[in-house]
Amino acid sequence: MDFDGFYRDTSRRLLRYAYGLTGDAAEAQDLVQETYARAWQRWRRLAGYDDPEAWLRLVVNRLSADRWRRLGVRRARAAAEPPAPAVDPPSEDVVLLVRAMRELPDKHRRALALHYLLDRSIAEIAEETGGSQNTVKSWLSRGRAALAAALASEERDENAEGAHRVR
């Protein structure tokens, strides 16, 4: 039998087996993929075995055991670490800014984030985005104008809500 035929005949069973061992479909697929990669490298020798599928299951067993061992080590390390300090929720201003940024076109939002949050120069932004420096300046200018308009609109909406509650 050739490797392709062997794969077609055994891959579904091996995937079910790996899923049974791991309980995770993505992890099972990774284990099976790694197992067949190893089988492909050893196919000439493996093809002569009485039960080459048993060899596949053995490899899946070992890879699965390695996975559980790694998870145990990670859990032990995580348990030994002190808990991360609590993070304050974002301020109302940050929430409003993020909401307004979502309304901007992607290019404007990206240019503003690169420039103001990551302190990138106009030249660096142009290089990263593939635009010219004049284009980046335009994105920043239009982005700031649209952001100011969105924030002003948000403020007007809040003031209107406050006025309705007062009445």
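Colleague: Where does Glu27 lie?

Modeller: Glu27 lies in helix α2; helices here are DSSP runs of H or I with at least four residues, strands are runs of E with at least two, and both are numbered from the N terminus. This is a predicted model, where local features need pLDDT of at least 70 and side-chain atom pairs count only at pLDDT 80 or more, while totals for chains, interfaces and linings use all residues. Residues are numbered from 1 along each chain as its sequence is written, and side-chain values use heavy atoms, with hydrogens and water left out.

Colleague: Why is Glu27 called buried?

Modeller: Buried means under 20% relative accessible area, exposed means over 50%, and partly exposed is in between (1.4 Å probe, protein chains only). Glu27 has 19%, so it counts as buried. Glu27 touches Thr22 and Arg67, leaving aside residues up to four places away in sequence; a contact means heavy atoms within 4.5 Å.

Colleague: And Glu53, is that buried or exposed?

Modeller: Its relative accessibility is 15%, so Glu53 is buried. Glu53 sits in helix α4 and touches Phe6, Thr10 and Arg13, again not counting residues up to four places away in sequence.

Colleague: What makes a group of residues a nonpolar core?

Modeller: It's a set of buried Ala, Val, Leu, Ile, Met, Phe, Trp, Tyr and Cys residues joined through side-chain atoms within 4.5 Å. The largest one has 16 residues, and among those touching the most other members are Phe3, Phe6, Leu14 and Trp55. Two or more residues each come from α1 (3–22), α2 (25–41), α3 (43–46) and α4 (52–80). A second, separate core of 12 residues includes Met101, Leu104, Trp139 and Leu147.

Colleague: Which residues does Leu14 touch, not counting those up to four places away in sequence?

Modeller: Leu14 touches Val32, Thr35, Tyr36, Leu56, Arg57 and Val60.

Colleague: What makes the lining of the largest pocket nonpolar?

Modeller: Its lining divides into 9 nonpolar residues, no polar and no charged, including Val94, Met101, Tyr116 and Leu147. Ala, Val, Leu, Ile, Met, Phe, Trp, Tyr, Cys and Pro count as nonpolar, Asp, Glu, Lys and Arg as charged, and the others, Gly among them, as polar. Both α5 (92–102) and α6 (106–117) supply at least two lining residues.

Colleague: Why is Ala47 called partly exposed?

Modeller: Its 39% relative accessible area puts Ala47 in the in-between class, so partly exposed is the label. Ala47 lies in the loop between α3 and α4.

Colleague: Is Pro90 buried or exposed?

Modeller: Pro90 has 54% relative accessibility, so it counts as exposed. Pro90 is in the loop between α4 and α5.

Colleague: Why is Asp119 called exposed?

Modeller: Asp119 has a relative accessible area of 64%, so the exposed label applies. Asp119 lies in the loop between α6 and α7 (122–129), and has a positive phi of about 55° although it is not a glycine.

Conventions: On a 1 Å grid over the protein atoms alone, a cavity is a set of points where a 1.4 Å probe fits but cannot get out, and a pocket is an open set with protein on both sides within 12 Å along at least five of seven lines; lining residues have an atom within 4 Å of a point.
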